[in-house]
Amino acid sequence: EKYTGEYDGYMEKLLQRIHGRGHEIGLHTHPYHGKNSSFPIGLHRLDFAAQKKVLSEGMEFIYDATGRFPIAHRGGAYSCNEETFQALAELGFRVDSSVYYGTNDSVLNGFPSYFTINQTRMHQGILEVPVINFFNEKGELTKFDSNSMTEGEFVAVLEAMKQRGDFPVAQMMLHSFSFLDQQWKADRPGKKPVYVAG
């Protein structure tokens, strides 16, 4: 696609609005694609120096827009490895939420199965808040994601957390489109959702 400059400054203004409302802004290092991409693959596929460069650039972008460095991170597609945690610690991050049991991009040596534990823990000085996963109504292992859960599944997961008593903090997946009405149309190929602002 041809660069037009039409959206120059859009992200900076968006960050300023969010920050101005008192919300904390974390860094989400998602790989992107295109001819000019300097970060086209998962973070865990980069060496330590490259990971630190990607994280630093993201930090600086957020700082330039808000005057505050982010302290929380999630790797795009849950991409992380030991070098990710080392880089996060050296750059002053305090929280990560990239570990997702069952995905190929969450590559950590000797990390316990969060499918059975699902608890926060410190790793290389970083508080890890793992992705919570559970068996859905179809018996499939999936993540605690508001966009793919039924109301019954949502309530069941929350009740299970309360009964276990070992969830000091829990995180749930949300995206910008999570706040829009998701209407499904049978006449659309593949039954893709149609998002409508309510």
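How many aromatic pairs does the count come to? The legends below refer to a predicted model, and the count comes to 3 aromatic pairs.

**View 1. The aromatic pair of Tyr78 and Tyr100.** The ring centres of Tyr78 and Tyr100 lie 4.8 Å apart. Their planes stand at 75°, and planes over 60 degrees apart count as edge-to-face, so the pair is edge-to-face. Tyr78 sits in the loop between β2 (72-75) and α3 (82-90), while Tyr100 sits in the loop between β3 (95-96) and β4 (121-123). The two residues are 22 residues apart, and the pair links distant parts of the chain. Tyr78 and Tyr100 are both buried.

**View 2. Packing of helix α1 against helix α2.** Helix α1 covers residues 10-20 and helix α2 covers residues 48-66. The two helices pack at an angle of about 65°, and their axes are 8 Å apart. This angle makes α1 roughly perpendicular to α2. The crossing in which α1 passes α2 is right-handed. On the α1 side, the contact is made by Met11, Glu12, Leu15, Gln16 and His19. Phe61, Ile62, Ala65 and Thr66 make the contact from α2. Sorted by class, the contact of α1 with α2 has 5 nonpolar, 3 polar and 1 charged residues.

**View 3. Packing of helix α2 against helix α3.** Between α2 and α3 the packing angle is about 50°, with the axes 9 Å apart. At that angle α2 is oblique to α3. The crossing of these two helices, α2 and α3, is right-handed. From α2, the residues in the contact are Phe48, Gln51, Lys52 and Leu55. From α3, they are Glu83, Thr84, Gln86, Ala87, Leu88 and Glu90. The contact of α2 with α3 divides into 4 nonpolar, 3 polar and 3 charged residues.

**View 4. The whole chain, for orientation.** The chain holds 4 helices and 9 strands. Along the sequence these elements follow the pattern α-β-α-β-α-β-β-β-β-β-α-β-β. Of the 198 residues in the chain, 34% are buried. Among contacts with a separation of 6 or more, 54% are between residues 24 or more positions apart.

How values were computed. Residues are numbered from 1 along each chain as its sequence is written. This is a predicted model: local features need pLDDT of at least 70, side-chain atom pairs count only at pLDDT 80 or more; totals for chains, interfaces and linings use all residues. Side-chain values use heavy atoms; hydrogens and water are left out. Axes are lines fitted to C-alpha atoms, for helices over the stretch in contact, and angles run from 0 to 180 degrees between N-to-C directions. Angles under 35 degrees count as roughly parallel, over 145 as roughly antiparallel, 65 to 115 as roughly perpendicular and the rest as oblique. A crossing is left-handed if the near helix is turned anticlockwise from the far one by less than a right angle, and right-handed if clockwise. Contact means heavy atoms within 4.5 Å. Ala, Val, Leu, Ile, Met, Phe, Trp, Tyr, Cys and Pro count as nonpolar, Asp, Glu, Lys and Arg as charged, and the others, Gly among them, as polar. Rings of Phe, Tyr and Trp (its six-membered ring) pair if their centres lie within 6.5 Å; planes under 30 degrees apart count as stacked, over 60 as edge-to-face and the rest as tilted. Buried means under 20% relative accessible area, exposed over 50%, partly exposed in between (1.4 Å probe, protein chains only).
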